[in-house]
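Biologist: I am new to this structure. Please show me how to read its features one by one.

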Amino acid sequence: MIKFDKPLDASVGTSGVVEVYLGVDDQWYWRAKASNGQKVAQGEGFPRRIRAQRSADGALAVRFRKDLLHPVEDSLATVQPWAVVVKDRQGKVEKTGWLY
């Protein structure tokens, strides 16, 4: 789940950064870099930015099964989110948020 209502906060520990950007072929892509700077995942080209965002969400979001959770861990507070940076067609940051 991507939430764009919270601004990025450098003091929050993250799993890394997910960048959604427009390629030279006019397709939207995403790439994920771990907090150590290594590229850990990337998406194929999509005609619409929202589809690239959904692809990143599907690949990286934490999925919970209630029957497998320990009662103390039944919270997103125990998960280090991915910071999300979405760029516009000119390459400028348009919005930021968190992927849980």
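Biologist: How many bridges join S3 to strand S4?

Modeller: Two strands pair if DSSP finds at least two bridges between them. Here three bridges join S3 to S4 (residues 39–42), and these strands run antiparallel. Lysine 33 has lysine 39 in S4 as its bridge partner. S3 and S4 form a hairpin with four residues between them, and glycine 37 in the turn has a positive phi of about 95°.

Biologist: What should I know about the model and its numbering?

Modeller: This is a predicted model, where local features need pLDDT of at least 70, side-chain atom pairs count only at pLDDT 80 or more, and totals for chains, interfaces and linings use all residues. Residues are numbered from 1 along each chain as its sequence is written, and side-chain values use heavy atoms, with hydrogens and water left out.

Biologist: Which pattern does the protein chain follow along the sequence?

Modeller: Helices (H or I, at least four residues) and strands (E, at least two) are DSSP runs, numbered from the N terminus. The protein chain has one helix and six strands, in the pattern β-β-β-β-α-β-β.

Biologist: Which residues touch the most other members of the largest nonpolar core?

Modeller: In soluble globular proteins, nonpolar side chains tend to be buried together. A nonpolar core is a set of buried (under 20% relative accessible area, 1.4 Å probe, protein chains only) Ala, Val, Leu, Ile, Met, Phe, Trp, Tyr and Cys residues joined through side-chain atoms within 4.5 Å. Among the 14 residues of the largest one, Val18, Val20, Trp30, Ala32, Leu60, Trp82 and Leu99 touch the most other members. Strands S2 (16–22), S3 (28–34) and S5 (82–87) and helix H1 (49–60) each give two or more residues to this core.

Note on methods. Buried means under 20% relative accessible area, exposed over 50%, partly exposed in between (1.4 Å probe, protein chains only).
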